[in-house]
Amino acid sequence: MADSLPTEFDVVIIGTGLPESILAAACSRSGQRVLHIDSRSYYGGNWASFSFSGLLSWLKEYQQNSDIGEESNAAWRDLILETEEAITFCKKDKTIQHTEVFCYAGQNVEDSVEELGALQKNPSSMTSSTLTELLDSSCSHEEKHKYFTSYEMPAKHTENSDREISIEVTDIEESLEKEKYRGDKTCTCTISDGDKGENKPAEDNTVQPKRNRITYSQIVKEGRRFNIDLVSKLLYSQGLLIDLLIKSNVSRYAEFENVTRILAFREGKVEQVPCSRADVFNSKELTMVEKRMLMKFLAFCLDYEQHPDEYQTLKQCSFSEYLKTKNLTPNLQHFVLHSIAMTSESSCTTIEGLKATRNFLQCLGRFGNTPFLFPLYGQGEIPQCFCRMCAVFGGIYCLRHKVQCLVVDKESGRCKAIIDHFGQRINAKYFIVEDSYLSEETCSNVQYKQISRAVLITDQSMLKTDSDQQISILIVPPAEPGTCAVRVTELCSSTMTCMKDTYLVHLTCSSSKTAREDLESVVKKLFTPYAEIEIEREELRKPRLLWALYFNMRDSSGISRSLYNGLPSNVYVCSGPDCGLGNEHAVKQAETLFQEIFPNEEFCPPPPNPEDIIFDGDDKQPQAHGTNDITMAKVESSEESKNLENPGEHLQN
């Protein structure tokens, strides 16, 4: 329990985002006594994934959190000695802004469809009023109270931790079977309004296939089928995170599926981009001449460093200008720039574009025809996997545990301890803090960037094929010069992130305005709001938009430590999610900080083989729960491995 925590640790880590979780696992694995705490009630921070009801609860809690005033600090200040000073923490989470929620699906099949909250002007009031309407329409007062007080992510963490898997690409049938099995185990509270949840065909007089009409009541009832990421990321199959997962054997705690398609948006249409050699020569979008030109250029990109004369004079040019010199057709230039290199048309240099293209090509073929993997049950699984590794080796975890301040010794200038909201003083040698916990005074010199995010629930894929189980990524080029491209990731139900007959779509770009202002134009290009009457035949080809959430998220990546005011030398800061597609920044940051703190230790070494462990006294009982004794940690690892060994859980090629 929180009031009986030990008072001495080697490392205290505050925040359970991806870089903090990787650091916790690395420190615990190297034999350090680790305390990993978070003021939130769920793992992952801004890297978390939520069920549908959990996401609404998160929005509601965030609204309530923004209304909380500063608490009195007289009690804990009495614990600060004369030779010490305190660095206070932020009492409010200010990393999320401009949240706006829209529901386009009808409440029941017989009801007329209406856009809830669409007339609201103020983002904050929109979130509050919209959530109230959505909840009022789908549950009773008693159910609402239960809904907002019972949702916890740690239950999901424990549940997901009961599985050991290999880092392979799963097939759809096994994934759907597992979804059915997990659905019976899920502890997340859902809302019911008495609707039977039956799909009824919508009236349609055209020759287009009839679509099942999805209602908001169905989405709520199937809410536990959703795992909605706050940050949209994919894993490069040859990237740093995949290598770390394999090396540390953390991959056994997660499952992955291969992204099946790379898409392009050109001349108002969505097209599939050929990636492999077979895809190129089977493509109907390219002429035979274009196929040969593309294969020749991609072959050059794989070893471009061996031919500097091909690009030396154009190193400082933009990559788009360089592509024009290679005699590529406009069609090929578009594919390479936006769907293979996935770079900005204006800010990407020739060298950066060639590196990005080579990285894309090097990742092809390891797990499938595209370079990317997606973790089943959402991105929020990855931080939880590393947290579990930390716990296996003796780390102690405590959620819903607020930290009031850091205690700094005036003479040495080093941080000695933290004081929590119970008034307990916890001492440690090193402290790792997620950026969002730092106060405005500490961050007064920091200029944060912002990420614009949208989460959509739709009824069809952006590009329909024979299979409805497609995982796709699309880059929509900027409509105007100087604006950013929008990255679109579409997830199907086999990823365990949405209910059957729906798709979960994530949109991401660097912010220039509010998320809705940045992304709504792209949403209108790709989707038709469910409430609108479809008249034109062309409109019928677009997927229907059932539900949408827009929000801005702080991007604290790339900030120099020197910009933070008054941080002691033994306090280290981890950033939140960045705007990039991969997780390379988080892994690099975690490894850099670990090597800075423990220069003589290996970063996340492989766990010991259970057969090689020497048990020191088989008849001895563990002294205490949570001990960090090295021998004890190895015993726990052995037992963990035996308990997790289940041949049926491993995936076969």
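Me: What percentage of the residues of the protein count as buried?
Reply: Of its 653 residues, 57% do; buried means under 20% relative accessible area, with a 1.4 Å probe and protein chains only. Bear in mind that this is a predicted model, where local features need pLDDT of at least 70, side-chain atom pairs count only at pLDDT 80 or more, and totals for chains, interfaces and linings use all residues. Residues are numbered from 1 along each chain as its sequence is written, and side-chain values use heavy atoms, leaving out hydrogens and water.

Me: Ok, which residues touch the most other members in the largest nonpolar core?
Reply: F52, F297, F319, F372, L507, L526 and W547, out of 102 residues in that core. A nonpolar core here is a set of buried Ala, Val, Leu, Ile, Met, Phe, Trp, Tyr and Cys residues joined through side-chain atoms within 4.5 Å.

Me: And which strand gives the most to this core?
Reply: Strand β24, residues 544-555, with eight residues. Strands are DSSP runs of E, at least two residues, and helices are runs of H or I, at least four, numbered from the N terminus.

Me: What does L526 touch?
Reply: Leaving out residues up to four places away in sequence, L526 touches F265, V270, M462, L474, V476, V488, K542 and P543. Contact means heavy atoms within 4.5 Å.

Me: Switching topic: how many helices and strands are there?
Reply: The protein has 18 helices and 25 strands.

Me: Which residues of α11 meet α13?
Reply: E290, M293, L294, F297 and L298 in α11 meet N331, L332, V336 and I340 in α13.

Methods:
Buried means under 20% relative accessible area, exposed over 50%, partly exposed in between (1.4 Å probe, protein chains only).
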